[in-house]
Amino acid sequence: RHPPNGVGRFLVPATTPATAILAGNGKSGKKGGNMALVQMLVMYIHIGAGIMWIGGLAYLRFILLPALTRAAPEVRGPLLVDIGPRTVRFTLRVAEITIAAGIVNLFLAGKVTRMAHFFTTQWGIAIFLGFVMALVIYILGQAVTRPTTLRIAETIRAVATGRAPADTPALLEALAARQRNVLTVQLALG
C-alpha cells in the first residue's frame, strides 16, 4: 500500500475534507470536490467560532472580570457600561454561528440520515452530548448572562445620573457573583 499522492500524505491520512483536498482526491472538478471544500469551510467556521465562543468566556472569567474588579470605580463603571453589552452580544453571536455551522456540517457530512448512530456510536454520542452542552451554555448566556450584564450596565448608568438605588453596592456585588458563577458553569460544560 502506498500513501496517497500529494501533500496530504505528509499530514494525516486523507479521511477529512481538508486532507482529501490536500491529498489530491478532492480537487475541484472531480466528483465531490466542491462539496468537500464547502464542508471544510463550514468545519473551519464551526471550529473558529467555537474557539472564539469558549475562549471568549474563559477570557472574561479569568482575565477581564478580575481586572475590572481591581480597577478604580470611576474607570470600572464606564468600561462595564461600554464593553459589557457589546461583549455579551458578540459572545452570543459566535455561539449561534458555532451551533448553526455544526448543524450544517452534520447535513453536509450526510450524518443526519443515520440518526441511530447518534446513540449507538462513540462519534454520535460525543456529537450529541456536545450539542446538548452547547445548547445549555447558550441558553445560560441568553437567560442569565445577558440580562445580568444589562442590569449591571443599567445600575451603573443610574449611579452616574444620580438615580442610584439605595442598595447599589450590594446589588452590583450580587450581580457580579452571578456572572462569575454562570461563567464558571459555562466553562465547565464547554
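Which helix gives the most to the lining of the second largest pocket? The legends below lead to the answer. Everything here comes from a predicted model, in which local features need pLDDT of at least 70, side-chain atom pairs count only at pLDDT 80 or more, and totals for chains, interfaces and linings use all residues. Residues are numbered from 1 along each chain as its sequence is written, and side-chain values use heavy atoms, with hydrogens and water left out.

**View 1. The second largest pocket has a volume of about 730 Å³.** Of its 28 lining residues, Arg-76, Leu-80, Ile-152, Ile-156 and Ala-176 are the closest to its centre. Two or more lining residues come from each of H3, H4, H6 and helix H7 (168-189). Here is the answer to the opening question: H4 gives the most, with 9 residues. The lining divides into 17 nonpolar, 8 polar and 3 charged residues. A pocket is an open set of points on a 1 Å grid over the protein atoms alone, where a 1.4 Å probe fits, with protein on both sides within 12 Å along at least five of seven lines; lining residues have an atom within 4 Å of a point. Helices are DSSP runs (H or I, at least four residues), numbered from the N terminus.

**View 2. The largest pocket holds about 880 Å³ of space.** It is lined by 37 residues, and the closest to its centre are His-46, Gly-102, Ile-103, Leu-106 and Ile-127. Helix H2 (17-23), H3, H4, helix H5 (117-120) and H6 each supply at least two lining residues, and the largest share, 10 residues, comes from H3. By type, the lining has 27 nonpolar, 9 polar and 1 charged.

**View 3. A nonpolar surface patch of about 850 Å² includes Ile-103, Phe-107, Ile-125 and Val-136.** Helix H4 (73-108) and helix H6 (122-160) each give two or more residues to this patch, with the largest share, 7 residues, coming from H6. Patch residues have over 30% relative accessible area and no salt bridge, and their nonpolar side chains are joined within 5 Å.

**View 4. Gln-39 sits in helix H3 (residues 33-70).** Gln-39 counts as buried because its relative accessibility is 15%. The C-alpha atoms of Gln-39 and Val-104 are separated by 8.7 Å, although the two residues are 65 residues apart along the chain.

Terms used:
Patch = residues over 30% accessible without salt bridge, like charges linked within 9 Å, V, L, I, M, F, W, Y side chains within 5 Å. Areas by Shrake-Rupley, 256 points an atom, 1.4 Å probe, with all protein chains shown as cover. Salt bridge = Lys/Arg side-chain N within 4 Å of Asp/Glu carboxyl O. Buried < 20%, exposed > 50% of the residue type's maximum accessible area, 1.4 Å probe, protein only. Points joined across faces, edges and corners; volume = space filled by probe spheres on them. Nonpolar A, V, L, I, M, F, W, Y, C, P; charged D, E, K, R; others polar.
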